[in-house]
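Hi,

Here is the structure I said I'd pass on.

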Amino acid sequence: MPPFTVLHVCMGNICRSPMAERLLALAVQQRLSRAAADVADPGALVLSHSAGTGGWHDGEEMNPPAARQVRARGGDPAGFAARKLLSEHIDAADLVLTATADQQDYVVALRGDAEQRTFVLGEFGRLLPMVDPATLPDGGNTPDAVYARGVALVAAVDTARRGAAPLAADDLDDPWGRGDQTFSRVADEIEETVVPLARLLIAV
């Protein structure tokens, strides 16, 4: 049921998954602006949120270098609070994107029925070009239409995966404790997936 819900997962939920959460939300907003769509709440179409496999940082703000990357790209890190991943977060997600293959295994171990909708973020981005947009449902940018397109897109990417394991290169490096240059590279890699994802979800 709408909104189409994307759950981003990393280890501590203060660096990679918060950047992915806010950069996907930004990409959706930018796509809606390009479509000149009068949508008061983009979150009613695509809900982007995140959690960590560990609860060490529960309630903390986004790591400052991660927040700088989000802000520099036009997004908004305000109001973020880290949280530990729960089974109910996975159950409510239409697409789960993890930073690494180990975290993908963690998600699937927690909820085996989520395997077909759980991907390493880089893996999902690598497989997206294999989907023919013409095969996805049309219908504009209503919540129901975006939801139907998103669910069909996830199924198509899972088909393109053909049961293969993700590649080592699909993992996002953990930038925690490293400099802005590393955070910038990781944010670039996140955008390589979330921008095309928004392009396929939001019709222009």
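This is a predicted model: local features need pLDDT of at least 70, side-chain atom pairs count only at pLDDT 80 or more; totals for chains, interfaces and linings use all residues.

Numbering runs from 1 along each chain as its sequence is written, and side-chain values use heavy atoms, with hydrogens and water left out.

I call it a salt bridge when a side-chain nitrogen of Lys or Arg is within 4 Å of a carboxyl oxygen of Asp or Glu. That rule gives twelve of them.

One of them pairs Asp188 with Arg73, at 2.8 Å from N to O. Asp188 sits in helix α7 (residues 180–201), whereas Arg73 is in the loop between α2 (64–72) and α3 (87–91), so the bridge ties together distant parts of the chain, 115 residues apart. Helices here are DSSP runs of H or I, at least four residues, numbered from the N terminus.

For accessibility, buried means under 20% relative accessible area, exposed is over 50%, and partly exposed lies in between (1.4 Å probe, protein chains only). Asp188, at 37%, is therefore partly exposed.

Arg161 and Asp158 also bridge, with their closest N and O atoms 2.8 Å apart. Both belong to helix α6 (residues 143–161), three residues apart, or about one turn, and both are buried. Elsewhere, shared partners join Arg73, Asp188 and Glu191 into one network.

Lastly, Asp113 bridges to Arg111 at 3.3 Å; Asp113 is exposed at 52%, and Arg111 is partly exposed at 27%.

Cheers

Notes. Helices (H or I, at least four residues) and strands (E, at least two) are DSSP runs, numbered from the N terminus.
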